Amino acid sequence: MADNNHGDVKLIGTWPSPFSMRPRIALNVKSVEYEFVQEQEQLCSKSELLFKSNPVHKKVPVLIHIGKPICESNIIVEYIDEVWPSGPSILPADAHDRAVARFWAAYVDEKCFPNLRAAVTAASEEEKNRAADQLKEVIARMEGAYGEVSRGKDFFGGDKIGFVDIAFGSMLGWVRAVQVMLGGVKLLDEEKTPGLVKWADKFSADLAVKDVLPETGKLIKFSKLLIAAIRAAAVED
Amino acid sequence: MAANNDDVKLIGAWPSPYVMRPRIALNLKSVEYEFLQEQFGSKSELLLKSNPVHKKIPVLLHNGKPICESSIIVEYIDEVWSSGPSILPADAHDRALARFWAAYLDEKWFPNVRAAPRAATEEAKSAAVSQLKEGLALLEGAYGEISRGKDFFGGERIGFLDIAFGSMLGWLRAVQVMLGGVKLLDEEKTPGLVKWADKFSADPAVKDVLPETEKLLEFAKILMAKAKPAAS
């Protein structure tokens, strides 16, 4: 169990990373103060602290709590939920609901994020469009999941945001950026995914979310730097 | 909380390490269940209905409700049958660490176990074997830290990470044979894991569900034969 002493809590991450966003939202939900240690955004150069804290993957985010590192965004969010139990719950109370929540969070990581990344960074228009088509399918599935899991409430977590809201909602910045970058393609669509359109607005406005969800314009600018960095790295190899 | 007259079914297949995980977990909790084995090469109506998203085994059906994804099923079993021995560690940081290594095994390490024998060139095979050995060196280190001098990652009894990793031992041993006797688990380089592997395999919750190496080798031949026409 922990108190709100922020001196003990550091989060290594970057502002554009949806994975870094997840623990930030979770810490906000629990009203835990923390030091946000920002890595260089394109992650071309990584700090000593990051190498030391996540030697296996060398990736953000890493939570450092009382000197101990915790890695992998969804694992960090579960840890935060368990260690600060007096705040609002992030995982559902019921065991089956928890299994369903973990299932959809894993689905987002497996199917949503790689396609978002391809839509932004793929070399050809064809690959980008293929990624966008995959994303539409994935988001259609999430619309179905939202209908079942929310049980008529605003969020996957019910009345307040929970584990799946955080896992999927952290992708919204990039979903919106991709919509613009691919000439106005509709990934979230009032006709096909009406539930998620409403959900996305509510999620983005949530107090725990709004200051950490990156603006679409900033992400679009950043994506140009990211693509350049990827191309440069490819040339060096 | 679960009762003794709960209906518990597991859809799976004997060669799959992912299917082994919930079987071990159910054994640890002394829960009786019906094991519904899928036919190799085809998927049952029940599987397609219970896991429409991935259409993959294992799927646990508890009083008719499906739970998918092996690690998620194991956590569910631990939470629902809470009176049995604990599978996840008690401490939150230890839990995070167990989950971390289970994810590492699934995402980074096990894919190389499957890829190594199928590698098209000697070079590719060598690379896969190097990756596997590097991974095992990391896991040896993790075992040293996490077991704190006890037999298992879980301490005195097998736990979440023992199950996640141990379920891969059958295939690890089979692949060592398929690669001409290469030593992946090695008494010199990974002595802790060599002892751990023997103890894990002998555990009462494990020994009847860990497939024999010979049977896996036979099964692998069938798999590779089926794969050939599709290869391009």
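Trainee: Which helix do the buried residues of H9(B) pack against?

Mentor: They pack against helix H7 (169–178) of chain B, where contact means heavy atoms within 4.5 Å. This is a predicted model, in which local features need pLDDT of at least 70, side-chain atom pairs count only at pLDDT 80 or more, and totals for chains, interfaces and linings use all residues. Residues are numbered from 1 along each chain as its sequence is written, chains are lettered from A and ligands numbered from 1 in the order in which they are written, and side-chain values use heavy atoms, with hydrogens and water left out.

Trainee: How do you know that the length of helix H9 of chain B agrees with what a helix should span?

Mentor: Helices are DSSP runs of H or I with at least four residues, numbered from the N terminus. The expected span is 1.5 Å times one less than the number of residues. For the 15 residues of H9 (residues 213–227) of chain B that gives 21 Å, and the end C-alpha atoms are 21 Å apart, so the two agree.

Trainee: Which residues of H9(B) are buried, and what puts them on the same side?

Mentor: Buried means under 20% relative accessible area, exposed over 50%, and partly exposed in between (1.4 Å probe, protein chains only). Leu216(B), Leu217(B), Phe219(B) and Ala220(B) are the buried ones. They cover an arc of only 165° around the axis, so they lie on the same side of H9(B); the arc is taken from the directions from the helix axis to the C-beta atoms. On the other side, Glu214(B), Glu218(B), Lys221(B) and Lys226(B) are exposed.

Trainee: Why is Thr193(A) called buried?

Mentor: Its relative accessible area is 4%, so Thr193(A) counts as buried. Thr193(A) sits in the loop between helix H7 (172–181) and helix H8 (194–205) of chain A. Leaving out residues up to four places away in sequence, Thr193(A) touches Ile139(A), Ala140(A), Glu143(A), Leu187(A) and Leu188(A).

Trainee: What makes Cys71(A) and Cys68(B) buried?

Mentor: Cys71(A) has 8% relative accessibility, so Cys71(A) is buried. Cys68(B), at 9%, is buried too.

Trainee: How do you know that Cys68(B) is in no disulfide?

Mentor: A disulfide is a pair of cysteine sulfur atoms within 2.5 Å. For Cys68(B), the nearest cysteine sulfur, that of Cys112(A), is 19 Å away. Over all chains the count comes to 0 disulfides.

Trainee: How many residues of chain B are in contact with chain A?

Mentor: 25 residues of chain B are in contact with 25 residues of chain A.

Conventions
Helix = DSSP H or I, 4+ residues; strand = E, 2+ residues; numbered from the N terminus.
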